[in-house]
Amino acid sequence: MPVIGFDRVAGLAPVAVARLAPGTPITGPAGGGTHTHDFLVLCYAHRADGRLVIDGRRWTVTDGDLFVIAPGQVVSFLDPIETTVTDGWAVWFPTDVVRPGRSGAYSSWRSHPLLLPFAHGTDRAQRLRVPPSDRAGWVERFVSLDTELRARRDGHQEAALAHLTLLLVAAARLPTGVADQLRSAEEPLLAAVFDVIERRYQEPISLADVASELALTAGHLTTVVRRRTGRTVQQWLAQRRMQQARLLLTDTDLTVATVSRRSGYSDVSYFIKRFRAEHGVTPSQWRHAAPGTS
């Protein structure tokens, strides 16, 4: 299996970008056959109609799809890349490009708020959907980054990283749409599970409650979900609650106790314990390490 590494060049920003369009030479990870790589990839399909495979799972690529691909994932195109994505962009960069918080709270790239979509991809390749009204803005972001990297004017490294950060912020704000992804992959039962989790994660919901809504036994539901996703229902529920907690800690001034309740944890002490076990820091430390906080 070919492993593509990031080609660092002294004096140049450690970020690469490629336009995906007819007549444009395909470079970087998008230009290879079946491969894996040691860096992070954002691949935006502005206009597309084709298929690709990530870690053995087939995806249909359509207009507005944004794929976030983590290091080590195996990627291959079932249709030629030039017909799969007729208009799009790919950006790739090493995991150490995005700096940790000022307090050093993020022990690895997987726990950094802006890189969480990629961390999810290590378990299940993630496709995000860019709403039609936002797609022109996404193209402008890629064009701005590409222009900065090509011009190489004074300060281009800082400017390129700023443009990359804006892309990552935009990606982090997109809805994950897990249930919709599962429905498109013909996984109706799993989609139903995630629908229940999305509706009720702020409640004191249990595995038995989820199973009851789907008219299944808890044991059968556990077996099916673990077999098809590698995680239990409780783990997916905890992940959704932590996602909400991170959002509230970063984007609001709510107290930790309020964040705990709005994330589905009635016991704030238990919430802090679970948050620290998941992220290596307390909720307050996470908040203080977030960009733009003091």
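Student: Is Asp65 buried or exposed?

Tutor: This is a predicted model: local features need pLDDT of at least 70, side-chain atom pairs count only at pLDDT 80 or more, and totals for chains, interfaces and linings use all residues. Residues are numbered from 1 along each chain as its sequence is written, and side-chain values use heavy atoms, without hydrogens or water. Buried means under 20% relative accessible area, exposed over 50%, partly exposed in between, with a 1.4 Å probe and protein chains only. Asp65 has a relative accessibility of 0%, so Asp65 counts as buried.

Student: In which strand does Asp65 lie?

Tutor: Strands (E, at least two residues) and helices (H or I, at least four) are DSSP runs, numbered from the N terminus. By that numbering, Asp65 lies in strand S6.

Student: Which residues are in contact with Asp65, leaving aside its neighbours within four places in sequence?

Tutor: Contact means heavy atoms within 4.5 Å. The contact list is Cys43, Tyr44, Ala45, Thr60, Arg127, Leu128 and Arg129.

Student: What share of contacts in the protein chain between residues at least 6 apart in sequence join residues at least 24 apart?

Tutor: The chain has twelve helices and nine strands. Among its contacts between residues at least 6 apart, those joining residues at least 24 apart make up 68%.

Student: What percentage of the accessible surface belongs to carbon and sulfur atoms?

Tutor: Buried residues make up 48% of the 294 residues. Accessible areas come from the Shrake-Rupley method with a 1.4 Å probe; for residues, only the protein chains shown count as cover. The total is about 14300 Å², and the carbon and sulfur share is 51%.

Student: How far apart are the end C-alpha atoms of helix H3?

Tutor: The expected span of a helix is 1.5 Å times one less than its number of residues. H3 runs over residues 135-151, so its 17 residues should span 24 Å. The model agrees with that, with the ends apart by 25 Å.

Student: What arc around the axis do the buried residues of H3 cover?

Tutor: Arg135, Trp138, Phe142, Leu145, Asp146, Glu148 and Leu149 are the buried ones. The arc is that of the directions from the helix axis to the C-beta atoms. These residues lie on the same side of H3 because their arc is only 165°.

Student: Which exposed residues sit on the face of H3 turned away from its buried side?

Tutor: An α-helix has 3.6 residues a turn, so residues three or four places apart point the same way. What covers the buried residues of H3 includes strands S2 (16-20), S4 (40-54), S6 (65-69), S8 (85-93) and S9 (126-129), plus helix H4 (156-172). The face turned away carries Glu140 and Arg150.

Student: What is the phi of Arg152?

Tutor: Most residues other than glycine have a negative phi, and most peptide bonds are trans. Arg152 lies in the loop between H3 and H4 and is exposed, with a relative accessible area of 53%. Its phi is positive, near 55°.

Student: Which loop holds Asp55?

Tutor: Asp55 also has a positive phi, about 55°, although it is not a glycine. At 42% relative accessibility, Asp55 counts as partly exposed. Its loop is the one between S4 and strand S5 (57-62).

Student: What is the angle between the ring planes of Tyr265 and Phe271?

Tutor: Rings of Phe, Tyr and Trp (its six-membered ring) pair if their centres lie within 6.5 Å; planes under 30 degrees apart count as stacked, over 60 as edge-to-face and the rest as tilted. The structure holds ten such pairs. Tyr265 is buried at 5% relative accessible area, and Phe271 is buried at 0%. Their pair is tilted, with centres 5.5 Å apart and planes at 40°.

Student: Which arginine has its charged end over the ring of Tyr265?

Tutor: A charge sits over a ring if NZ of Lys or CZ of Arg is within 6 Å of the ring centre and within 35 degrees of the ring normal. Tyr265 belongs to a cluster linked by ring pairs, with Tyr270, Phe271, Phe275 and Trp286. Over Tyr265, at 5.4 Å from the centre, sits the charged end of Arg241.
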